[in-house]
Amino acid sequence: MKTLHTLLIVCIAGTLAVGLSSCEKENFDNPETPNLPYALSLGVTSSGVTTYYVVTADNLMSGTINAVGKGLEQNGYRDYEQGGKTIFSIGGLGVTSATGIVRDNGGYLTEKGDFVFNNSLNAFTQIDPQTMLGIELPSNKESGDKITFYTVDINSISITNKTTHTPIAAMSLPEWPSITGMCRSEDNIYVTYFPMSPTTYQTPFTDTTYVAVFSYPDMNLKTIMKDTRTGPAGSWGAFNGMIQVESGDMYIMSSSALSNGY
């Protein structure tokens, strides 16, 4: 699968729970080694406070991965998405900024450009070699009735277009949508989601997979696809509801489980 292969070989961007070993003080004085080919996000917790870093690694199966004297410290909890060889560090939990992270000529991670969305994004993914697409939904029906789409240029790390005319009404039945994934195929954007209460976070409608289909690039809603052979696609906050393989075919993964919330 091209998407998964690229993530593993070029760089991995995601939140990873890693056990950190204790480090001697002299480690702080050692120069950083820009490891290849991986880049990972670490959440390091001390005295109940978690600090987030993006670091490099050359092996995920052995050795120690830590943020001692290296990596890029993040300003709070972030989501991560890869576009080409750029990692986008996207604000979450109230943070609305996004920063591009790349490797410099020496292999070190460095920040390249940043931009700000109106609100936290609900989905963000690469749709062609030059472009990322982001979706922003109102938090509930009282907050608005339109979906906002952003296109972002990967090379310049900048927003190139913003579309705000698409009604959310069709997706908000039988309950407010929680987006779990997004892919582009030809002139369509496919978005997986499941109905979830924006106040109680309950997911009572668990017998159907929902996929919204939008035309691209005008982002008009074309149809809502439903399938009762599985439960909801993907899981909250993980953007794992849909995978596109080298042939262009898209596969939906239903991860119904009590640990997933439904």
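Tutor: Setting aside neighbours within four places in sequence, Ile135 is in contact (heavy atoms within 4.5 Å) with Leu121, Asn122, Ala123, Ile147, Thr148, Phe149, Ile179, Met182 and Val191. This is a predicted model, in which local features need pLDDT of at least 70, side-chain atom pairs count only at pLDDT 80 or more, and totals for chains, interfaces and linings use all residues. Residues are numbered from 1 along each chain as its sequence is written, and side-chain values use heavy atoms, without hydrogens and water.

Student: Which residues touch the most other members of the largest nonpolar core?

Tutor: They are Ile135, Ile147, Ile189, Val191 and Phe214, in a core of 20 residues. The term applies because such a core is a set of buried (under 20% relative accessible area, 1.4 Å probe, protein chains only) Ala, Val, Leu, Ile, Met, Phe, Trp, Tyr and Cys residues joined through side-chain atoms within 4.5 Å. Apart from it lies another core of twelve residues, including Phe88 and Ile157.

Student: What makes strands S15 and S16 a pair?

Tutor: Pairing requires that DSSP find at least two bridges between two strands (E runs of at least two residues). S15 (residues 209–215) and S16 have six, in the antiparallel sense, and therefore qualify. Within S16, Thr223 stands opposite Val213.

Student: Why is S16 called an edge strand?

Tutor: In the open sheet S13-S14-S15-S16, strands S13 (177–185) and S16 (221–227) each pair on one side only.

Terms used:
Two strands pair if DSSP finds at least two bridges between them. Helices (H or I, at least four residues) and strands (E, at least two) are DSSP runs, numbered from the N terminus. Buried means under 20% relative accessible area, exposed over 50%, partly exposed in between (1.4 Å probe, protein chains only).
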